[in-house]
Amino acid sequence: MTDQMLATRTEQRSSEGTEGRYRTSAVFGATFVALMTLLLIRNPGVFTLRIAERGDAAANGILVEQAKHFHLLVGNYSRIGFSHPGPAFLYVDALGEWLGYDVLGVLPSPYSGQWLAAMVLNAALVAAVLTVLWSWSRSWRALLWCAAVVLVFAGAHDQLLSSTWMPFVYFAPFLLFLTSAASVAAGRTRHAWLLTLSGGLLVHGHAEFLLLFVPAIALIVVAVLAYRRRRRGAPGPFVPRNWLAAGLVGGVLAVPMVLNLVLHWPGEYRKYLTYSGAHVSSHGIRADLRYLLGFWCRPSVVGVSLMVVLFAGVVLLARWQPGAQLRRFLATGAAIAGAATALFAVYVVKGIDQLSLYVGFFFWATPVLLLLLVVTGMEPLIRAAARGTYARVSAALPAAALAGGLVFAGSSGALPARPDRVTGIDRVVREVAAYGGGRPVVLRLDHDAWPTMTALLLAGERAGQRMCIDDLKWRFMVTGQFICRERELVAGALVDLAQPPGADTVTITFGGSVLFLPAGSA
């Protein structure tokens with residue numbers, strides 16, 4: 001065994017001792033509290049606004065109601081016509097609603113609990129990212145630089161860490177997935193449970209992660225570990241408890257998906273495979289390329305330049321590192337980011353039917369990871385090169401960057417969430433219930449009125465008034481629970497919902513009465 005390998009193992013053992021674990025917990029705790037405090041300051045409405053959700057938020061609220069009774073085994077709906085693989089995010093929302101609204105009563109509406117739970121989860125995932133990065137650099141200055149990067153990026157991208165809308169929700173777990181994948185592949189297997197946790201959350205959240213991103217990157221991690229152990233010697237000792245912890249986390253996350261398969265074989269998987277196999281991109285390679293590069297920067301020429309600079313910067317910083325461990329982590333991180341970019345290109349071409357920006361929000365995690373790797377790799381080089389006055393200046397720069405990031409994020413209009421909500425829904429439910437006279441309410445609607453439909457179904461469920469849809473095609477969105485049974489269609493009280501294209505008001509007609517409801521309010 002070489003002297004370098006002995007030194008590396010000694011360094012790893014010392015860093016994983018009691019003091020190392022204490023410092024790691026302190027880093028996670030401090031970053032989580034700081035980020036959560038900032039999110040709460042910028043989103044005071046979570047404690048003051050009574051929110052009646054509509055649209056996708058209300059559709060998810062229906063599932064959250066099922067999760068509170070442990071009846072939910074699938075994820076949120078897809079506009080393609082199926083449910084995504086798992087309910088993990090919705091159970092997190094259900095916990096927030098149950099604890100904050102039902103039990104403690106400190107929140108003004110059920111949705112407030114979901115909103116708070118989403119921010120807590122995002123803060124914890126981002127804090128875990130910063131903690132993993134710190135575990136490799138062991139530098140408080142590098143940690144401050146990384147925190148500043150996260151704050152600036154979050155402040156520049158609308159609702160990225162504060163919204164419950166699923167396209168935003170995937171960003172933080174994907175960032176942790178990429179970061180922990182790089183760490184595990186570089187030999188830090190104690191982060192395997194974070195890789196499993198973040199990957200499992202992504203698999204629950206969207207079929208694309210189950211079919212492409214998570215298994216592909218997980219296989220790359222395993223392949224890199226196997227290669228290094230066979231050809232170059234193990235970068236760290238084999239620790240069974242690390243893999244046992246990862247297995248336990250994966251087992252817990254697998255429970256609802258396995259149950260759904262057992263109870264409803266083959267579940268939604270046939271639909272995933274059918275869509276995946278039948279979909280053919282018609283965007284054209286130029287449109288696909290513009291779409292991909294748009295997540296780096298716009299216009300495309302700036303995007304490709306930034307992508308090249310970031311990848312090249314991480315690779316060069318890896319070569320220049322004096323420490324073998326950080327050098328290995330930076331190189332592995334660049335490789336994982338490259339794999340994620342290649343997989344996203346495949347997804348753009350083969351998996352996206354319409355190149356809507358929101359479909360790829362999660363991919364922003366890739367340039368963020370590279371930015372984090374750049375500042376992590378630069379810090380030891382700057383510290384080693386600085387002398388005299390420059391040393392004092394370089395020591396103050398990370399704190400100044402963090403302060404600037406806090407000011408930017410704290411004043412940015414991007415950090416506050418803007419829940420999709422509707423006003424006056426309680427009055428509508430009361431009047432419709434009075435019209436029904438104890439009968440179930442049968443909703444018949446024009447397509448564009450669907451956001452109000454989900455709002456009414458959820459509000460009726462919470463108020464104890466049975467409402468249902470007369471059209472089976474909406475089952476993918478509202479579940480079979482809210483599709484009218486035959487006897488309800490015969491005996492129910494009919495209510496029509498109509499919203500002309502482009503109108504900002506929904507007309508609700510029942511009996512001889514007509515109600516007008518704003519289509520939504522920010």
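Biologist: Is K68 buried, exposed or partly exposed?

Modeller: Burial is read from relative accessible area: under 20% is buried, over 50% is exposed, and partly exposed lies in between, with a 1.4 Å probe and protein chains only. K68 is partly exposed, at a relative accessible area of 22%. This is a predicted model, in which local features need pLDDT of at least 70 and side-chain atom pairs count only at pLDDT 80 or more, while totals for chains, interfaces and linings use all residues. Residues are numbered from 1 along each chain as its sequence is written, and side-chain values use heavy atoms, with hydrogens and water left out.

Biologist: Which residue meets K68 in a salt bridge?

Modeller: Side chains of opposite charge can pair when their charged atoms come close. The rule for a salt bridge is a side-chain nitrogen of Lys or Arg within 4 Å of a carboxyl oxygen of Asp or Glu. By that rule there are 17 salt bridges. In one of them the side chain of K68 meets that of D102, at 2.6 Å from N to O. K68 is in the loop between α4 (55–67) and α5 (88–103) and D102 is in helix α5, so the pair ties together parts that are 34 residues apart in sequence. D102 is partly exposed, with a relative accessible area of 37%.

Biologist: How are the helices and strands defined?

Modeller: They are DSSP runs, numbered from the N terminus: helices are H or I with at least four residues, strands are E with at least two.

Biologist: Where do R383 and E379 lie?

Modeller: Both are in helix α17 (residues 365–385), 4 residues apart, which is about one turn of the helix. R383 is partly exposed, with a relative accessible area of 39%, whereas E379 is buried at 2%.

Biologist: Which parts of the chain are linked by R444 and D496?

Modeller: Their side chains meet in a salt bridge of 2.6 Å, N to O. The pair links distant parts of the chain, with R444 in strand β1 (residues 441–445) and D496 in strand β3 (residues 493–498), 52 residues apart. Both ends are partly exposed: R444 has a relative accessible area of 39% and D496 one of 24%. Elsewhere, salt bridges that share partners join E53, E65, K68, E97, D102 and R462 into one network.

Biologist: Which residues form a nonpolar patch on the surface?

Modeller: Patches take residues with over 30% relative accessible area and no salt bridge; like charges are joined within 9 Å, and nonpolar side chains (Val, Leu, Ile, Met, Phe, Trp, Tyr) within 5 Å. Accessible areas come from the Shrake-Rupley method with a 1.4 Å probe, and for residues only the protein chains shown count as cover. Here L95, W98, L99, V103, L104 and V106 form a nonpolar patch, with about 570 Å² of accessible area together. W98 is in helix α5 and is partly exposed, at 42% relative accessible area.

Biologist: How many aromatic pairs are there?

Modeller: Rings of Phe, Tyr and Trp (its six-membered ring) pair if their centres lie within 6.5 Å; planes under 30 degrees apart are stacked, over 60 edge-to-face, and the rest tilted. The count is 37 aromatic pairs. The rings of F174 and F209 have centres 5.9 Å apart and planes at 40°, so this pair is tilted. F174 is in helix α9 (residues 171–185) and F209 in helix α11 (residues 207–232), so the pair ties together parts that are 35 residues apart in sequence. Both F174 and F209 are buried. F361 and W364 form a stacked pair, 4.9 Å centre to centre with 10° between the planes. F361 is buried at 8% relative accessibility, and W364 is buried with a relative accessible area of 10%.

Biologist: Which ring does the charged end of R188 sit over?

Modeller: A charge sits over a ring if NZ of Lys or CZ of Arg is within 6 Å of the ring centre and within 35 degrees of the ring normal. The charged end of R188 sits over the ring of W136, 3.8 Å from its centre.

Biologist: Which cysteines form a disulfide?

Modeller: A disulfide is a covalent bond between the sulfur atoms of two cysteines. The cut-off is a pair of cysteine sulfur atoms within 2.5 Å. The whole structure has 1 disulfide. C468 and C484 form it, with their sulfur atoms 2.0 Å apart. The torsion about the S-S bond of C468 and C484 is about 95°, so the disulfide is right-handed. C468 is in strand β2 (residues 467–469) and C484 in the loop between α21 (475–478) and α22 (486–491), 16 residues apart. Both C468 and C484 are buried.
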